[in-house]
Amino acid sequence: MARLLLHLGAAIALLAGLASLVVPLAEAYDPLDPNGNITIKWDITQWTPDGYVAVVTIYNYQKYRHIQTPGWNLGWVWAKKEIIWGMVGGQATEQGDCSTFKVNIPHCCKRDPRIVDLVPGTPYNMQFANCCKGGVLTSWVQDPVNAVASFQITVGHSGTSNRTVKAPKNFTLKTPGPGYSCGLAQEVKPPTRFISLDGRRTTQAHVTWNVTCTYSQFVAQRAPTCCVSLSSFYNETVVNCQKCSCGCQNNKPGSCVEGNSPYLASVVNGPGKSNLTPLVQCTPHMCPVRVHWHVKLNYREYWRVKITVTNWNYRMNYSQWNLVVQHPNFENISTAFSFNYKSLNPYGVINDTAMMWGIKYYNDLLMVAGPDGNVQSELLFRKDPSTFTFEKGWAFPRRIYFNGESCVMPSPDLYPWLPHSSTPRLRTAFLVVSFILCATLAFFYNNLVLDKNSGKC
């Protein structure tokens, strides 16, 4: 028996260990974008006396997750004792200890450098293709051209051939908000081929490595960043965001400010205030962003919805924001006003997921909290007689994501339902009862008249 218990305990321990390995991978899976990832491609294009020159390209292959300001931050650990002699289109955040170099001083001597993009307006001789956007990468659906960033790096002390050079290790990709976990660098064969601008010559990289980074809720911040409120024309009830949807005021002293506070400007723009630290307007929900879905009008063959996205964060302009909405009637959408719209179809034949984002130079920038801190649009849906109904909250979305983050939805039992008297079954019952009541009254009235007439005789 003792031996049996010992083997059983060992088996349980093994299962627990396997579970701990599986959970982070499961957390990284996104059912709405199962193939979405950020791919880092490292192409060695030429050898130097003590190393090589490489082009590093970052591709955002995610449908709806993008990287907003202040942009991406890419890091790794060198496999040997490499240094960075120079960079074009990007820069290391720290130089590190380069005291052993007396004449030519490297750009970075750190064993674990961190690289950032250059900002717009960088001098032309420091630019590289797809650089200088401040680290901002759009999602692949919104703008595939601007979903790519690249820089050139000159590496020394690394080896000067395919056999002696080693790929960097422990890649990390840090971005504002979402968290990413990166895999190992994998050699790609054949290496990348480059075509000249005139299309008449093709060159080939000496070595190509690929690193795949996937979004992981396990790495991302745990607290929600948005919530959803609901209303409709057929019910006076307004379902507000749940209290403490994104945290409670009492638990975060100094994290919110009243909208009419005379000290608002000094609090928002005070010294040492980080742009990444949210400072929200004091509300019961305490969320930086609220999405309001209002069922506005009902026509004979169509129905209309108004969507309002409000920014309650005084320290963040959301550039190139987007919404992902799940609703069963997106199969029959007719028009989206003042928002760009694209169906995502994550489940193939089932079209119940849509992506919306602002129109460039019009409402693609969601301003900070205040009078201009919101964007609005309306959606027009066709009615499908086989599925359409306003009953039991059908007109409201099942799930909403803002900038790739899942918003806190109200409890389904709080959704604004049709008044009970408006449902067909109850309306029919009411007509039946009314008919029976009228017939009963008529019967008694007739009997009363006959009694009176018989009394006269």
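A nonpolar patch here is built from residues with over 30% relative accessible area and no salt bridge, with nonpolar side chains joined within 5 Å. Keep that in mind for the first stop, and remember that this is a predicted model.

**Stop 1: the surface patch.** Select Y347, V349 and I350. Together they make a nonpolar patch on the surface, with about 330 Å² of accessible area. Now click on I350, which sits in the loop between β23 (340–343) and β24 (353–357). I350 counts as partly exposed because its relative accessibility is 47%.

**Stop 2: the disulfides.** The whole structure has 7 of them. Start with C226 and C407, whose sulfur atoms are 2.0 Å apart. This pair links distant parts of the chain, 181 residues apart: C226 is in strand β14 (residues 226–232), and C407 is in the loop between β28 (405–406) and α3 (424–456). The link is left-handed, at -100 degrees about the S-S bond, and both cysteines are buried.

Next, pick C227 and C241, with sulfurs 2.1 Å apart.

Then go to C246 and C287, another disulfide, at 2.0 Å. The torsion about its S-S bond is about 90 degrees, so this one is right-handed.

Conventions. Residues are numbered from 1 along each chain as its sequence is written. This is a predicted model: local features need pLDDT of at least 70, side-chain atom pairs count only at pLDDT 80 or more; totals for chains, interfaces and linings use all residues. Side-chain values use heavy atoms; hydrogens and water are left out. Patches are made of residues with over 30% relative accessible area and no salt bridge: like charges are joined within 9 Å, nonpolar side chains (Val, Leu, Ile, Met, Phe, Trp, Tyr) within 5 Å. Accessible areas come from the Shrake-Rupley method with a 1.4 Å probe; for residues, only the protein chains shown count as cover. A salt bridge is a side-chain nitrogen of Lys or Arg within 4 Å of a carboxyl oxygen of Asp or Glu. Helices (H or I, at least four residues) and strands (E, at least two) are DSSP runs, numbered from the N terminus. Buried means under 20% relative accessible area, exposed over 50%, partly exposed in between (1.4 Å probe, protein chains only). A disulfide is a pair of cysteine sulfur atoms within 2.5 Å.
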